[in-house]
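Hi there,

Here is the structure I promised to pass on to you. Have a look at it first, and then read my notes below.

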Amino acid sequence: MASNRPAQAIVVAQRVGRAVARMPGIGILWAPPRAAGFAVEAFIKQRFGLRGTDDLPKARPSLALTAQVALDEAFLGMMRNPSRYPTDADYAGLAAELATAADLYAREGWIAEPRSYHRDPPPLTDLRVRRLWAMNVWYERLSWPSEYETHPGEPNAARWATFAKNRIAYAYVVRRKPNRPWLMCLHGFSTGVPTSDFFAFKAKRLSEELDVNLVFPVLPLHGPRRASRMSGAELLSYNVLDFIAGMAQAMWDIRRLMGWLRTQGAERVGVHGMSLGAYTASLLSALEPDLELLIAGAPLCDMPGLIDHHMPRRLRGKAVENGIDQSVLQDVFRPVSPLAYPMTIPRERVHMYAGVGDRMSTPEQAHRLWAHWDRPNVLWYEGGHLTFLWSGQVTRFLDDAMASAGFIEPRTPPRMPETIV
């Protein structure tokens with residue numbers, strides 16, 4: 001019996017965390033106990049040598065890591081708003097949409113051949129440009145009619161068409177020199193504006209110090225394309241088909257933008273995505289194999305699995321009662337799932353970084369993508385989902401990744417001062 005105590009303690013810690021999560025109106029107040037439960041679980045695993053996958057590093061408990069996990073949990077707490085949970089009628093409508101979509105996708109061959117779901121977009125011509133200033137950086141704000149449309153017969157087509165502001169695509173461009181490489185920076189969930197994106201990707205440093213041209217596409221329903229107060233909210237709602245439409249439109253808009261970059265003299269283009277942007281970058285790499293560099297930061301790769309991971313048990317039961325299970329979700333998500341496509345970029349051009357304490361995307365999702373890509377260069381940092389925003393370790397890793405692709409000069413270690421005798 002004594003040998004089972006560590007595992008029993010972990011189960012207790014997990015149950016306490018789930019109980020806190022179910023408390024109505026708890027919001028961000030659930031972050032400290034959930035983070036404490038994570039720390040206890042990590043300590044027990046370390047103390048008793050309990051390990052899962054050998055090549056997925058385990059978190060080493062510390063106050064710093066626990067604080068970063070608490071930050072993740074606080075963000076999740078703000079996102080889990082019971083007012084956005086589906087009603088019984090919503091479940092019935094969602095089940096009907098999924099059944100229609102699954103039948104359509106199978107009939108059109110999009111499940112068997114997910115690449116065929118994505119249409120090649122036309123060249124980008126009707127472009128508006130404004131020169132603006134943000135975060136001590138001059139940039140150009142590009143805007144153009146997206147012209148993306150869902151496929152005939154898709155059950156969410158009418159709802160998707162109501163997002164009027166989403167019909168205009170946007171991107172922010174920070175230019176240096178025409179002959180320098182271009183790095184496409186794909187933002188995470190709930191951002192898509194210059195202040196947040198330039199800060200997250202360190203735009204001033206990349207542009208002025210490292211001499212890289214930058215382009216920041218705005219993902220559908222984010223930033224100036226948002227449909228409500230919360231940027232991106234409709235993309236990650238219980239209307240899961242809207243996520244599929246959003247990723248398909250993202251591919252359409254970004255690939256048009258890449259074609260325009262070529263007309264601007266861009267010969268070398270790489271992409272760096274963070275979180276939801278990493279998911280987008282992973283999908284883009286399947287459709288655009290000529291990318292010179294691919295960096296996926298704090299990535300997710302299996303949206304149905306992530307939904308199931310974060311879904312309260314009560315809602316999961318309601319979904320199953322209505323015939324909404326992982327099998328049907330996995331089928332309809334295949335056209336926009338990075339796991340449905342082989343890696344088309346040489347492995348030496350691919351880099352990943354992920355936090356061992358990530359409570360949002362989860363290290364398991366990053367590990368699955370890493371394994372699917374045949375284990376490219378990866379940094380497992382001691383931190384949560386948002387830690388990469390200030391981590392010097394991640395910054396050095398990114399510098400080395402860009403240097404390996406010839407985007408910047410290699411880092412040189414600082415010279416030690418000479419000793420004067």
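In what follows, buried means under 20% relative accessible area, exposed over 50%, and partly exposed in between (1.4 Å probe, protein chains only). Helices (H or I, at least four residues) and strands (E, at least two) are DSSP runs, numbered from the N terminus. This is a predicted model, in which local features need pLDDT of at least 70 and side-chain atom pairs count only at pLDDT 80 or more, while totals for chains, interfaces and linings use all residues. Residues are numbered from 1 along each chain as its sequence is written, and side-chain values use heavy atoms, with hydrogens and water left out.

Let me start with strand 5, residues 213–217, where 5 of 5 residues are buried. Asn213, Val215 and Pro217 lie on one side of the strand, and Leu214 and Phe216 on the other. Two strands pair if DSSP finds at least two bridges between them. Strand 3 (residues 168–174) runs antiparallel to strand 5, with 4 bridges joining them; Val173 has Val215 as its bridge partner. Strand 4 (residues 182–186) is parallel to strand 5 and is joined to it by 3 bridges, and here Leu183 partners Leu214.

Now to helix 14, residues 392–404. After the helix comes Gly406, with a positive phi near 75 degrees.

Best wishes
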